[in-house]
Amino acid sequence: SDTYKGWLFKWTNYLKGYQRRWFVLSNGLLSYYRTQAEMAHTCRGTINLSTAHIDTEDSCNIVLSNGGRTYHLKANSEVERQRWVTALELAKAKAIRMRNNQSDDSGDEEPASQSDKSELHGPLKTLSSKLEDLSTCNELIAKHGAALQRSLSELENLRLPADSGEKIKAVNERATLFRITSNAMINACRDFLDLAESHSRKWQRLLQHEREQRIRLEETIEQLAKQHNSLERACRGAPGLATGTASGASTAKGSVQSAKGEASDEDEETEYFDAMEDAPAFITVTADPKHHRRSGSNLSGASEGHPEDWNLEDSVFESSNQSSYNESTGKDLLPRKRRRTRIPDKPNYSLNLWSIMKNCIGKELSKIPMPVNFNEPLSMLQRLTEDLEYHELLDKAVKCESSTEQMCFVAAFSVSSYSTTVHRTAKPFNPLLGETFELDRLEELGFRSLCEQVSHHPPAAAHHVYSRRGWTLWQEITIASKFRGKYLSIMPLGAIHLEFHSSGNHYVWRKVTSTVHNIIVGKLWIDQSGEIEIVNHKSKDKCQLKFTPYSYFSRDVPRKVTGVVSDADGKAHYVMSGTWDEKMECSKILHSSHGSTSSEGKQKTVYQTLSPKVLWRKYPLPDNAENMYFFSELALTLNEPEERVAPTDSRLRPDQRLMESGRWDEANVEKQRLEEKQRAVRRRREAEAVEALEEGKDYEGYLPLWFERKVDAVTGELICVYKGGYWEAKDKQDWSVCPDIF
């Protein structure tokens, strides 16, 4: 079989030793996973067998090495080890043959008929020569066979014992059978050559047809891309085109036509969101506010049958609507430092996207060497810090007395982190191992944030935020991404933790899947889809948020988010509604009842609520944002040079700084230098691990600078948490522990 799967023990480090991993051998690649379930989303590592060296140390061990990567594997038994070695050797031989065939066919792009004929006639000529060799061998076999039979006949005529005569007769019969078999083999070879010659023209026509089809497809895609760019330029040159009834009608007609054309594609992508079909369906009905308003108070009251108060003050809700990023409500904070409000405009460089992307289908995005043309001048650590743009939602949540009311603000905060992504289709820089990013706004906004890249394969970043206003947030996020040809899926793995100091409420949730569409042809656009379950592990309150994926045929508002906040008993208290790119509202539930059954057979719940209150509204983008990578006001300040930061800070990364300045060619050269430097460090670390293994010494491997791995007491997961020391080192300006990564 072309695929071989099974459990093996893989050496990890001296702390954990050999760990059981699920290995899959397919298409000349050996990949491994922690569990079989991980095959759907996370590959822990892959080694190419075509250039790998396979060695066996003892009865159960296997060593695979390829360049700077080495796998030390152990099987349960010697028989199992031998099965794996046989499968690996066969897969390696097949991979080498495939590689050689690909190199031989590298000139197939030129559809020259003469070369096609020579390629087809070459094997036929070889077969003919081999057949002639076989014919010569057949004549020799016949000649020597006849001589042998004559000798045997002469022996039979001699006066020999009876036993000898019988043996000579048996040998004579075997020689006759051998000659008959040889003749049959030669005849079969001759028949095969005749068949190959008769089918040569058919092979040639089929091969030529496939080449023409491939060339025609590439030309069509390139032509579509050029037409799309021309249409975009034409639309920019006609600003009045979007107004007027006639143009509006034509636009609507065009959108309907495109929807029909893309229907099959949307059906294929729906499989990503099957889990959301189980989300509870509900209908919200707003009650008359006149019957639920308490006199002489700015608080909305519940009906007589519901004694709970609608405790969220209007002023608290509406304050976020009028405020901007540069306002502060804290009296104990210093005046804001004046920060930059613009960066150099993005250069208009052309790039052949298809020539790069066609070789990336099915590969892990973090392992593809990408030019900075696809990037934005921020690192993944800085993008992670952007989640704090609406930190005042958590400041307001501290003041809530009810845990369910507090959950509403936490839910709005979890949605707000996606608002910056609606136009941000560029890829952030992959952080180098040991790279950090700090955002110290303790004196201005009341919080300070620290991120560190704690792992390179798989890429993982740890984040810790402390606020003197009464909350702490921490997370470790691993980004899994796959290029699927027409879209790119980005799946953040890892939990986000939020704890409020006074109440001890501990909230945990995970991010949804982001999808970038029209990777090859068309304008890039991004969508968020999936579910977020926020759990308060102290009170057991829950909030289930559903991010509805975009559909051409849906009547819903694009980028819609809905959810329900319920207590530990499952009783619903609030309804959350809005969009992840604009605002989120909260409505207090007065009464709930079961409604009609939907077409899918699910019973909908009808919630009677008070008028919704806006919890969060997105800040407007700065002027000229379309020429500054659609950065928000906070994002514009993240890469602003600052003094006293660690030498590993993202602000000091040279390729990122060159890109921000518009010097993209220099940035590409610098990016390759940094990546090669990181590979050299990794190879040296692997060599040290092998040397320590041979000497029987312990080898710890890479350890994060400011974070350490611990088992989380709430979720039971092993995550990186802040161990302290960074801000003290900053005060002393003692960065002696920081590595030289730039």
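This is a predicted model: local features need pLDDT of at least 70, side-chain atom pairs count only at pLDDT 80 or more; totals for chains, interfaces and linings use all residues.

Trainee: In which helix is Glu691 found?

Mentor: Glu691 is found in helix 13, which covers residues 664-695. Its side of the story is one of charge: together with Asp55, Glu57, Asp58, Glu688 and Glu694, Glu691 forms a negative surface patch. Helix 13 gives the largest share of that patch, namely three residues. Patch members need over 30% relative accessible area, and Glu691, with 43%, is partly exposed.

For another glutamate, turn to Glu389, in the loop between helix 8 (380-385) and helix 9 (392-398). Glu389 is buried and yet has no salt bridge. The nearest side chain of opposite charge belongs to Arg424, 6.6 Å away, while a salt bridge needs the charged atoms within 4 Å. Leaving aside residues up to four places away in sequence, Glu389 touches Thr420, Tyr619, Ser632, Glu633 and Leu634.

One of those contacts, Glu633, brings us to helix 11 (633-638), and the loop between strand 27 (613-617) and that helix holds Asn624. Asn624 is not a glycine, yet has a positive phi of about 65°. Asn624 is partly exposed, with a relative accessible area of 24%. Phe630 lies in the loop between strand 27 and helix 11 as well. Phi of Phe630 is also positive, near 60°, in a residue other than glycine, and Phe630 is partly exposed at 28% relative accessible area.

Notes: Residues are numbered from 1 along each chain as its sequence is written. Side-chain values use heavy atoms; hydrogens and water are left out. Patches are made of residues with over 30% relative accessible area and no salt bridge: like charges are joined within 9 Å, nonpolar side chains (Val, Leu, Ile, Met, Phe, Trp, Tyr) within 5 Å. Accessible areas come from the Shrake-Rupley method with a 1.4 Å probe; for residues, only the protein chains shown count as cover. Lys and Arg count as positive and Asp and Glu as negative; His and the chain ends are not counted. The place of a charge is taken as NZ of Lys, CZ of Arg, CG of Asp or CD of Glu. Helices (H or I, at least four residues) and strands (E, at least two) are DSSP runs, numbered from the N terminus. Buried means under 20% relative accessible area, exposed over 50%, partly exposed in between (1.4 Å probe, protein chains only). Contact means heavy atoms within 4.5 Å.
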